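Me: I'm new to this structure and would like to get to know it through a few questions. Could you walk me through it?

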Amino acid sequence: MTRRERPQGEIIELRAKDPDGDLACDFTLAKDVATVRSGLERGILGPPRPIEGGVEVSFHTDAWDAVRRYVEMESRCCSFLNLAAEQKDHGVILRVTGRADAQEFIRSIFT
């Protein structure tokens, strides 16, 4: 995990631990990840936007701790995903990316 502090806020980047692994989640963690994700949905600012290799989702500024927790948990659950979160003055940006055969799953995360 890469964490950087900057004047505008923190950035977290987690590269896939197993980018070529099976498109499978650790079901011992999946329920907890789903609970955190459902709590995040209240803070979403608009629909997910497509980006190269995945999606970008914007959240209210007060969602930072929940987004950070989601990134840490999701990275353990779905080791084939790349996850990044950026704290900004106007909100929080979450980016979820991965390989071509994971795109359908990635698009479904926050829809």
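Predicted model: local features only at pLDDT ≥ 70, side-chain atom pairs only at ≥ 80, totals over all residues.

Me: How are the rings of Y70 and F110 arranged, and what are their centres' distance and their planes' angle?
Reply: The two residues come from distant parts of the chain, 40 residues apart: Y70 is in helix 2, and F110 is in the segment after helix 3. Planes over 60 degrees apart count as edge-to-face. The ring centres of Y70 and F110 are 5.6 Å apart and the planes are at 70°, so the pair is edge-to-face.

Me: Are Y70 and F110 buried or exposed?
Reply: The cut-off to know is that buried means under 20% relative accessible area. By that rule, Y70 and F110 are both buried.

Me: How many residues of strand 4 are buried?
Reply: Strand 4 covers residues 54-59. It is largely enclosed by the rest of the structure, because the number of its six residues that are buried is six.

Me: Which strands pair with strand 4, and over how many bridges?
Reply: Strand 3, residues 49-51, pairs with strand 4 in the antiparallel sense over three bridges, and P50 stands opposite V55 there. On strand 6, L94 stands opposite V57. Strand 6 also runs antiparallel to strand 4, and the bridges joining these two number six.

Me: Which residue in the turn between strand 3 and strand 4 has a positive phi?
Reply: Strand 3 and strand 4 form a hairpin, with two residues between them. In that turn, a positive phi of about 85° belongs to G53.

Me: How many disulfides does the structure hold, and which residues form a disulfide?
Reply: The structure holds one disulfide. Its sulfur atoms are 2.5 Å apart, and the residues are C25 and C78.

Me: Where in the chain are C25 and C78, and how many residues apart?
Reply: The pair links distant parts of the chain. C25 is in the loop between strand 2 (9-14) and helix 1 (27-40), while C78 is in the loop between helix 2 (64-77) and strand 5 (82-88).

Me: What is the handedness of the link of C25 and C78?
Reply: The angle about the S-S bond is 85°. With that value, the link of C25 and C78 is right-handed.

Me: Which residue in strand 5 is the bridge partner of L14?
Reply: Strand 2 is largely enclosed by the rest of the structure, because five of its six residues are buried. Strand 2 pairs with strand 5 in the antiparallel sense over four bridges. In strand 5, the bridge partner of L14 is L83.

Me: Which side chain makes a polar contact with that of D101, and at what distance?
Reply: D101 sits in the loop between strand 6 (91-97) and helix 3 (103-108). The side chain of D101 is joined by a polar contact of 2.6 Å to that of R99.

Methods: Residues numbered from 1 in each chain as written. Heavy atoms only, no water. Polar contact = N/O pair within 3.5 Å; in protein donor to acceptor, adjacent residues only side chain to side chain. Disulfide = S-S within 2.5 Å. Buried < 20%, exposed > 50% of the residue type's maximum accessible area, 1.4 Å probe, protein only. Pairing = 2+ DSSP bridges. Phe/Tyr/Trp six-rings, centres within 6.5 Å; stacked < 30°, edge-to-face > 60°.
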